[in-house]
Structures are given as structure tokens and as C-alpha cells.
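Subject: Structure for you to look over

Dear colleague,

I am handing over the structure we spoke of, together with some notes on what was found in it. Please open it alongside this message and read the two together.

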Amino acid sequence: MTTRLADIAVQAGVSEATVSRVLNGKPGVAATTRQSVLAALDVLGYERPVRLRQRSEGLVGLITPELENPIFPALAQVIGQALTRQGYTPVLATQTPGGSTEDELTEMLVDRGVAGIIYVSGLHADTTADMQRYDRLRAQGVPYVLVDGFSPKVQAPFISPDDRAAMSLAVTHLVSLGHTRIGLALGPKRFVPVQRKIEGFVRTVQDQLGLSAETVESELVQHSLYTLEGGQAATTALIERNCTAVVCASDMMALGAIRAARQLGLDVPKDISVVGFDDSPLIAFTDPPLTTVRKPVPAMGQAAVRTLLEEIGGTPAPHSEFVFMPELVVRGSTASAPGERGRP
């Protein structure tokens, strides 16, 4: 027991006496300190004493797309931790090809009496989808928040990254390196984040390189799938159009872009520069480390939870969109354009 107290105290950065007070449920310990001790218990693999186990305030559903793209588990972890800290139990429901649909997952969660639902990159992001499904959910009295994708037809709070600004950051970085032929690889056009990325990309290329919108969209924008294979296919097409740099709409697509370049005998970044989007976990350790636009996942996840809990508490958020600024993270996959090397 003494050894365990010492281990927990070191991990939590508190005294053994404080750990003892928390484990015995005694008063006089700050909430943040108590949380640190409980987190240390979890990290070290110790089981929490029965008296310290919180009674759940209720279930909250989290519906995400597939989990192969590491940005979705990262966002789910932020949301799950934030819900747990507020006493709620997160229930992760994942869509998979050929598996349950968003509507089926919603029905399952509602049947289990969830207090609310957070949707990540769901049908609300698809401009061809029927948005009345969300009106029906509202009529059932279930609060919800929508992440990644905006629709003026849905009376609910939305949480989004600034996709237009993300493309401006990426293109400006590449232009500063001397690139004048920059391509954009991204998913199907019916999705709101895709449309916004195109808008930001076209506007920035117009402003900084003087190309017409028609030329940019017809020659420099390539639609594909949000997968490694999709990024590879799109980048192959853009390289054939003499692009010396490619901006990708996800880090997974960017990894496919690097693979496409190598299969064509090109070096990244010597012959072609690649920029991703998300800053997914472990992406800094690829070969080369990926330059990417970081999606503000912690801020977005916490805002989604905070907004949902306000709805659950009876103070509905307005029909509005909370937009979070991304950040350019420069690593090793971008360099000067081939024709610019050696110039002062």
C-alpha cells in the first residue's frame, strides 16, 4: 500500500498524504487535485476504490465515421474525456462501410435514453442529404451538436474548423517557397468542408499567383476519396499536370501523395512538396515528417461538449456556427520549388 501511495503521489505531483485523503474520500482536497490523483490511478493501472466511482449523469452518444483515419479517434478521445469530467458516460457509435447507418445508430442511442448526441462529419456535412432527420430528432427532445459541416437547414449549434483559412495558410506557405503550380487533392464535392476548402484554395491562388478561378478549378483541383489510396490517385493526376506541390485535405491523403511521388521516382520534398490537413497523431514521425495544417481538435472537442451540456441543461445554443482557426505546422515534406533552389 505504501509503495502504491508513493507511485500515485509521484505520478500526480502531490504528497502521499493528499493521495491518502483522496483514496479515503475525505474532504479538504481541491477538485483539480482530486482529478489529478484519479488520473494517476488510471494511468498506473490501479482500480479505483468503489467509493470513488462516480455515478453517471447519463449517457451521451458520439457518432463518428470510420476510425481508420486517426483524427477521428483523437477527437473522440477529447470529447470522451470532457464528458467524463462532467460526470457523463460517452457511448461511441462508429459508422463502417456496410454496417449501421447514421439513422440506425441514432435510433439505437435514443432507445437507450441518451441525454444528447454529438455527430462528427455526419450527414449534416453532405449537401445532398435530407436534413429533416435532425428536425425529427429535435422533436423527440434529444439535444445534439454537429461537428465538421454546416447546413443552414438545421437549427442546431455547429462546431467547425476554418477550412478556407486552412487552405490560405497552406498555399501562402508554398508560394513563399517559390511554388507556382500548386494542386489540391480532396474528397467528393458534395461535402461542405470540401466546398469550403476549394473556395479558400481558389481565392488564395487567384490572389497570390494571378490565375483565373476557372483555370484553378479545372487544372489544379482533383477530387478523390479521403483515403491513402485516394490521395495517391489524386496526386498522380496532379503531378501529370506539372504540379510541384500538392495540398491534401487530410493527412491520410497526404501519405498517399508521398507514396504517389515515390512510385513516380520523385523525392519529397526535393522534387515535390506535400502539405496535409489535421495534424493527426504520429504524423510528425512519418518519412519525411509531414508539413500539415493542424485542426484545433482539443478546442473543438471541448466546445462541442460544453455546447451540448448547455443544451441538456435547458439553455439551447443559438443556430450558429463556432469556427476555430487552424495552424500551419511546418516540417520536412515541404521545401523550395525545384527551379528556386540555389537562388539568393
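Is the crossing of α7 and α8 left-handed or right-handed? The crossing is right-handed, where a crossing counts as left-handed if the near helix is turned anticlockwise from the far one by less than a right angle and as right-handed if clockwise.

Before going further, please note that this is a predicted model, in which local features need pLDDT of at least 70 and side-chain atom pairs count only at pLDDT 80 or more, while totals for chains, interfaces and linings use all residues. Residues are numbered from 1 along each chain as its sequence is written, and side-chain values use heavy atoms, with hydrogens and water left out.

The helix pair

The axes of α7 (residues 163-176) and α8 (residues 192-209) come within 7 Å and cross at roughly 35°; axes are lines fitted to C-alpha atoms, for helices over the stretch in contact, with angles from 0 to 180 degrees between N-to-C directions. Helices (H or I, at least four residues) and strands (E, at least two) are DSSP runs, numbered from the N terminus. The contact (heavy atoms within 4.5 Å) includes Met 167 and Val 171 of α7 and Phe 201 and Val 205 of α8.

The protein is divided into domain 1 (5-52), domain 2 (58-161 + 296-325) and domain 3 (163-294), with bounds that come from an automatic or database domain assignment. The C-alpha centres of domain 1 and domain 3 lie 47 Å apart. Domain 2 and domain 3 both give residues to the lining of the largest pocket, so this pocket lies between them. A pocket here is an open set of points on a 1 Å grid over the protein atoms alone, where a 1.4 Å probe fits, with protein on both sides within 12 Å along at least five of seven lines, and lining residues have an atom within 4 Å of a point. The lining comprises 36 residues, of which Pro 65, Glu 66, Phe 72, Ser 121 and Tyr 226 lie nearest the centre of the pocket, and its largest share, three residues, comes from α8.

Backbone details

The peptide bond from Val 268 to Pro 269 is cis, with omega near 15°, and Pro 269 lies in the loop between α11 (251-263) and β9. Another cis peptide bond joins Asp 287 and Pro 288, with omega about -5°, and Pro 288 is in the loop between β9 and β10 (291-294).

With best wishes
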